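Let's take a walk through this structure, starting at a pocket and ending at a sheet. Have the 3D view open as you read.

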Amino acid sequence: MRLETATWVEVERRLSAGNAVALLPVGAQEQHGPHLALATDTIMATGLAERLADQLDALLLPALPYGETWTTAGWKGTISISFNTLVALTTDIGAALAAHKVAALIIVNGHFGNSAPLEQAARALMTQHNLPTMILNYPGIEQAAAAVCESTPAAPGFYHADEVETSVVLALRPDAVQMDQAQPEYPQFPPTFGATPTRLDTFNRSGVFGDPRPATAAKGEQLLTLLTVSALSVIHAFLAEHIR
């Protein structure tokens with residue numbers, strides 16, 4: 001059920017069963033090279049969340065289209081919200097769901113920089129509001145990329161404006177892709193990357209990490225199918241633990 005278009009009567013009816021699960025896609029407004037839309041992370045998170053909601057008969061919330069994007073702030077069009085703002089937004093949304101007796105919240109995170117604030121929000125929701133909360137950071141993406149894609153990632157587990165993301169957006173929103181502008185870049189990551197805060201524009205020119213040129217919509221559909229299967233496996237384990 002899409003909350004964006006549902007009525008309160010329809011939501012009340014779904015909640016009456018006592019086992020309703022809510023899905024919250026969280027994306028970002030950040031650069032994705034010269035060929036992908038700034039809303040790429042939101043498009044991808046929403047696309048996966050829609051598939052999961054259909055499989056789970058879940059309540060699909062409207063996506064949060066902004067995230068903590070300090071690392072890509074050097075490129076124009078990137079708009080970052082603070083760590084504390086994202087924590088507060090997510091916690092407030094979850095608190096409202098808990099008040100409505102939603103059984104669990106699943107956050108579909110489309111942007112790596114959101115991970116830490118979302119984890120803090122999840123802790124608050126579980127401890128202060130007794131709302132079981134989990135965060136999906138594209139489980140199984142490395143295996144899916146290895147099975148479907150031709151190109152090599154710029155770094156292990158690092159997918160940004162590359163064949164993976166470009167293929168998924170081609171499958172979901174082809175109008176948000178300009179393949180004639182796609183170009184590869186394999187930057188040299190600094191030795192301190194991951195150990196200290198690092199702006200990506202300090203060692204990357206285009207904003208692309210990898211090679212988006214082999215991307216196709218068909219590959220995107222394959223990736224989404226594999227990601228959905230992997231996510232459902234994790235979700236079912238989570239729900240079995242928290243919903244009796």
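Start with the largest pocket: 32 residues line it, and His 111, Phe 112, Gly 113, Ser 115 and Phe 158 lie nearest its centre. Here a pocket is an open set of points on a 1 Å grid over the protein atoms alone, where a 1.4 Å probe fits, with protein on both sides within 12 Å along at least five of seven lines; lining residues have an atom within 4 Å of a point. Keep in mind that this is a predicted model: local features need pLDDT of at least 70 and side-chain atom pairs pLDDT 80 or more, while totals for chains, interfaces and linings use all residues. Residues are numbered from 1 along each chain, and side-chain values use heavy atoms, without hydrogens or water.

Four strands make an open, parallel sheet, ordered β2-β1-β3-β4; two strands pair if DSSP finds at least two bridges between them. At the edges sit β2 (59–60) and β4 (133–136), each pairing on one side only. Helix α7 (residues 217–242) packs on this sheet and touches β1, β3 (104–109) and β4, where contact means heavy atoms within 4.5 Å. Back in the strands, β1 (residues 21–26) is joined to β2 by two bridges, and Ala 22 has Leu 59 as its bridge partner in β2.

Notes. Axes fitted to C-alpha atoms, helices over the stretch in contact; angles between N-to-C directions.
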